[in-house]
Amino acid sequence: MCPRRSSAGHASAAEPLIRKIDKRTARLGVIGLGYVGLPLAVEFAEAGFHVTGIDIDERRVRELNRGHSYIQDVPTAQLRKLVRSGHLTATTDFAVLRRMDSVNICVPTPLSKQRDPDVSYIVAASKEVARYFHRGMLVILESTTYPGTTDELILPLLAETGLEVGKDFFLAFSPERVDPGNATYTTINIPKVVGGVTPACTEVARNLYSQVMNKVVPVSSVRVAETVKLLENTFRSVNIAMVNELALMCAAMDIDVWEVIAGASTKPFGFMPFYPGPGLGGHCIPIDPFYLSWKAKQFGSEARFIELAGQINGAMPKHVVNLTARALNGRKKAVNGSRVLVVGVAYKPAIDDIRESPALDVIELLVKSGAEVSWYDPHVPSLPAGIHGERLDQWTKASLAGFDAAVIVTPHPSVDHKVLLGAGPVVIDSRNALKGERHPDLTRL
Ligand SMILES: NC(=O)c1ccc[n+]([C@@H]2O[C@H](COP(=O)([O-])OP(=O)(O)OC[C@H]3O[C@@H](n4cnc5c(N)ncnc54)[C@H](O)[C@@H]3O)[C@@H](O)[C@H]2O)c1
């Protein structure tokens, strides 16, 4: 609940802010307009708020102000409507924060070269918030990060202004759980966990989210909220690693791992299927668990599951390349000099995001072994600089015939993978895209 009077004697800023939020006259800012920030800004704007997105990427700001979406899950028509009605606008100028009542920080949280958390984006964004900070402001961090970030890094920057948290301003953490490409669960119907630095902070943040989200789940602290997200992604990473290891064991024993998983999945309780694959991808699952292990280490706590899962999942691209070498060997061919097609380079099906995609590792390993690599992905126009490989535009039996091997890394539902069988190349299916098929050309993970 919101305290009515602060220790300094003046009225808490919570009630006026909550009133503004309820009336939807609060001005909302979203810092970082990517996969997380843009959909969030759109939902706030759809609810009738005036939302200002702030990003250091001038191109994204320009695109948004033109009403053009650069994020697959946000339709351009929806964005254009909100921009035209004046509910959504974007800028690179942080000075607009002077007029904001609330700001959500949705900036990247990658790993450094040493695989330590890189919170420099959070710090940079928070410093800008502190620069234009004022009484009555709500600040919510949504970037995935280690427990302690909100109250150890952001709170001191904001408290330097002399304002008091929970009375003069409000600070909370709320993990973003958006799943790009998921048509069933989107920003508004994924329950929103929120934890404030004080109970008043939790209450003000809960109030804001409940204007747009179907369900808001308050927790007792920012650290709990920060750790919730890390548990979710560590859970996936560890289970995927376990099933990847199972796939290797099953291969050694000549047992079909896919059939094993299908059989186990018939158990109506106590089992949840995870599937083996070519390795982890995306901005979250390969990265976030290391935020947790890094912080736990400072407390003398060893995250053995996380480290082991990282090793097993990280070795999968190499395993896929080994399978390719073996399949080519069966045709008396070497990887060196073979024409190899990598099918699907996005990190997961039906999306265009290639960040941390295992396909990039598979391509690099194949190139290093002397293969002539091409790739096919209807969702992805180009590969990042430094990754070699020619884009294949046509998906026909004729265009596939010239390849010695085809490696299915990401099975987009729009691609008919059966065309590969009998087209010419040996086919290495790392995702069971050709479920149920039996063919002499086919090697399954
Ligand atoms: N992508 C996902 O599926 C997903 C899901 C859940 C949580 N997350 C987490 O959300 C956070 C954001 O991820 P994302 O995928 O949206 O990243 P993104 O790279 O798509 O977007 C981040 C945006 O922040 C901008 N930016 C960087 N530094 C900035 C600064 N100092 N000030 C203003 N803007 C700045 C970038 O230009 C970019 O537009 C990360 O912590 C990520 O782990 C991502």
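Student: Where is tyrosine 275?
Tutor: Tyrosine 275 sits in the loop between α9 (257-264) and α10 (288-298). Helices (H or I, at least four residues) and strands (E, at least two) are DSSP runs, numbered from the N terminus.

Student: What should I know about the model and the numbering?
Tutor: This is a predicted model, where local features need pLDDT of at least 70, side-chain atom pairs count only at pLDDT 80 or more, and totals for chains, interfaces and linings use all residues. Residues are numbered from 1 along each chain as its sequence is written, and side-chain values use heavy atoms, with hydrogens and water left out.

Student: Back to tyrosine 275: what is its relative accessibility?
Tutor: Tyrosine 275 has 44% relative accessibility, so it counts as partly exposed. The classes are buried under 20% relative accessible area, exposed over 50%, and partly exposed in between (1.4 Å probe, protein chains only).

Student: Which residues is tyrosine 275 in contact with, leaving aside neighbours within four places in sequence?
Tutor: Those are Ile240, Val243, Trp258 and Ile261. Contact means heavy atoms within 4.5 Å.

Student: New topic, sheets. What is the strand order in the open sheet of 6 strands?
Tutor: The order is β11-β10-β9-β12-β13-β14, and the pairing is parallel. At the edges are β11 (390-391) and β14 (442-444), each of which pairs on one side only. Two strands pair if DSSP finds at least two bridges between them.

Student: How many bridges join β9 to β10?
Tutor: There are 5 bridges between β9 and strand β10 (residues 372-376), and the two run parallel. Valine 343 is opposite tyrosine 376 in β10. Strand β9 (residues 339-343) has 4 of its 5 residues buried, so it is largely enclosed by the rest of the structure.

Student: What about β12 and β13?
Tutor: Strand β12 (residues 405-408) pairs with strand β13 (residues 426-429) in the parallel sense, over 4 bridges. Isoleucine 408 has aspartate 429 in β13 as its bridge partner.

Student: And β1?
Tutor: Strand β1 (residues 27-31) is mostly covered, with 4 of its 5 residues buried. β1 pairs with strand β2 (residues 50-54) in the parallel sense over 5 bridges. The bridge partner of arginine 27 is histidine 50 in β2.

Student: Now zoom out. How many helices and strands are there?
Tutor: The protein has 14 helices and 14 strands. Its radius of gyration is 24 Å, close to the 22 Å that the globule rule gives for 445 residues, so the protein is as compact as a globular protein of that length. The radius is taken over C-alpha atoms, and the rule is 2.2 Å times the number of residues to the power 0.38.

Student: What are the spans along the principal axes?
Tutor: The C-alpha trace spans about 85 × 50 × 40 Å.

Student: And what share of the residues is buried?
Tutor: Of the 445 residues, 53% count as buried. Among contacts with a separation of 6 or more, residues 24 or more positions apart account for 68%.
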